[in-house]
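Work through the exercises below with the sequence and the 3D view open. Try each task before you read its solution.

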Amino acid sequence: MADIKQMDSIVVVTLAGELDNLEANRIRSTISSSIFTRKVSGIVWDLSRLGFMDSAGIGLILGRMRDLAPFNGETLILNPSPTMEKIFNFSGLGSNIRHGTVNSVIGEIGGVLHEK
Amino acid sequence: MRNEMTLSFVAIEENEALARMAMTCFITPLDPTLEEISEFKTIVSEAVTNAIIHGYESDGQSMVTIHALIDDNKVTMTVEDKGGGIFDVQQAMEPMFTTKPLMERSGMGFTIMESFSDKLSVESSIGNGTVVRFEKTFSPVTEASRMR
Ligand SMILES: Nc1ncnc2c1ncn2[C@@H]1O[C@H](COP(=O)(O)OP(=O)(O)OP(=O)(O)O)[C@@H](O)[C@H]1O
Ligand SMILES: [Mg+2]
């Protein structure tokens, strides 16, 4: 299950349930089109309510990082479980992880943008 | 404790969740920690997904078979397909190596399976299929959990 919200120029994707191969294929195009409908400066993946994720989640997030690359969009991964955090670290996404609230990290993306 | 099981299902992606659920139930008597459960679940998911999408190209007819054995605190599990096989196992196990980049595979499956199990071995031959074998020992039961 994916809930997608636009907050200013930032897309917040809140995931719940189990993110596997089947689910990634189900939600990929919706998330992709939310990035392409307007100029997006960043995406926040809120995983607080996600119960399970495997390598399909890595593929999904890396794929959207490629979508965002032309706009220099930031990617932040919020509140992954310890197991997910390990998977992100293996995949070189450790530096994108944050713990906290959506509002606190949105400020961070705004801040990064402000400096540019 | 000693227990043994076999589970077979056709190669459709819906069965990844079935396999995760069944294997999680199977190891529950070992009283694993939450993190052990979720790591084991991830191993199952990676191996079964590979068998379905790489071994059988999700053909919806061929069978994936999981065999698992519990001996004390040690779980031995094989995930087997009789599909296309792996051209070069050593290369396939390298992080980021994938033959399906267009399907947004990240090539991290084997890296995850290796990290979350104690032992992993892969036997594969082109045209005959693939067997991935895992061993994982779960932490010994604590006094508190034994008294429950
Ligand atoms: N059961 C299998 N049958 C045939 N080929 C396989 C099998 N398992 C793995 N492979 C091959 O090994 C490669 C690497 O597998 P691995 O699971 O590491 O990455 P992936 O499946 O491509 O991507 P990811 O798991 O990150 O979604 C695959 O791209 C595929 O070519
Ligand atoms: Mg894989």
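## Exercise 1: Elements of the two chains

Chain A has 4 helices and 7 strands; helices (H or I, at least four residues) and strands (E, at least two) are DSSP runs, numbered from the N terminus. This is a predicted model, in which local features need pLDDT of at least 70, side-chain atom pairs count only at pLDDT 80 or more, and totals for chains, interfaces and linings use all residues. Residues are numbered from 1 along each chain as its sequence is written, chains are lettered from A and ligands numbered from 1 in the order in which they are written, and side-chain values use heavy atoms, with hydrogens and water left out.

**Task.** Write down the order of elements in chain A and in chain B.

**Solution.** 
- Step 1. Read chain A along the sequence: β-β-β-α-β-β-α-β-α-β-α.
- Step 2. Count the elements of chain B: 5 helices and 5 strands.
- Step 3. Read chain B from the N terminus: β-α-α-β-β-α-α-β-β-α.

## Exercise 2: Overall build

**Solution.** 
- Step 1. The C-alpha trace of chain A covers about 35 × 25 × 20 Å. The C-alpha atoms of chain B fill a box of roughly 50 × 30 × 25 Å.
- Step 2. Turn to burial. Buried means under 20% relative accessible area, exposed over 50%, partly exposed in between (1.4 Å probe, protein chains only). In chain A, 51% of the 116 residues count as buried. In chain B, 48% of the 148 residues do.

## Exercise 3: A strand pair in chain A

**Task.** Is Trp45(A) buried or exposed, and which residues does Trp45(A) contact?

**Solution.** 
- Step 1. Check the surface. Trp45(A) has a relative accessible area of 0%, so it is buried.
- Step 2. List contacts (heavy atoms within 4.5 Å). Beyond four places in sequence, the partners of Trp45(A) include Val13(A), Leu15(A), Ile31(A), Arg64(A) and Thr75(A).
- Step 3. Follow one partner. Thr75(A) belongs to strand β6 (residues 74-78) of chain A. Thr75(A) is buried, because its relative accessibility is 5%.
- Step 4. Read the contacts from the other side. Again leaving aside neighbours within four places, Thr75(A) touches Ile43(A), Trp45(A), Ile61(A), Met65(A), Leu68(A) and Asn96(A).

## Exercise 4: An aromatic pair in chain B

**Task.** How are the rings of Phe40(B) and Phe138(B) arranged?

**Solution.** 
- Step 1. Apply the rule. Rings of Phe, Tyr and Trp (its six-membered ring) pair if their centres lie within 6.5 Å; planes under 30 degrees apart count as stacked, over 60 as edge-to-face and the rest as tilted.
- Step 2. Count: the rule gives 2 aromatic pairs over all chains.
- Step 3. Classify. The centres of Phe40(B) and Phe138(B) are 6.0 Å apart and the planes stand at 70 degrees, so this pair is edge-to-face.
- Step 4. Locate both ends. Phe40(B) is in helix α2 (residues 34-55) of chain B, and Phe138(B) is in the loop between β5 (129-137) and α5 (143-147); the pair links distant parts of the chain, 98 residues apart.
- Step 5. Check burial. Phe40(B) is buried at 3% relative accessible area, and Phe138(B) is buried at 2%.

## Exercise 5: An enclosed helix

**Task.** Why is helix α4 (residues 109-116) of chain B described as largely enclosed?

**Solution.** 
- Step 1. Count. In α4(B), 6 of the 8 residues are buried, so the helix is largely enclosed by the rest of the structure.
- Step 2. Name some: the buried residues include Phe110(B), Ile112(B) and Phe116(B).
- Step 3. Find the cover. From chain A, it includes α2 (55-68) and α3 (82-90). From chain B, it includes α2, α3 (89-92), β4 (119-125) and β5.

## Exercise 6: Positive phi

**Task.** Where does Asp8(A) lie, and where does Met96(B) lie?

**Solution.** 
- Step 1. Recall the background: most residues other than glycine have a negative phi.
- Step 2. Asp8(A) has a positive phi, near 55 degrees. Asp8(A) lies in the loop between β1 (2-7) and β2 (10-15) of chain A, and is exposed at 69% relative accessible area.
- Step 3. Met96(B) has a positive phi, near 75 degrees. Met96(B) lies in the loop between α3 and α4 of chain B, and is partly exposed at 47%.
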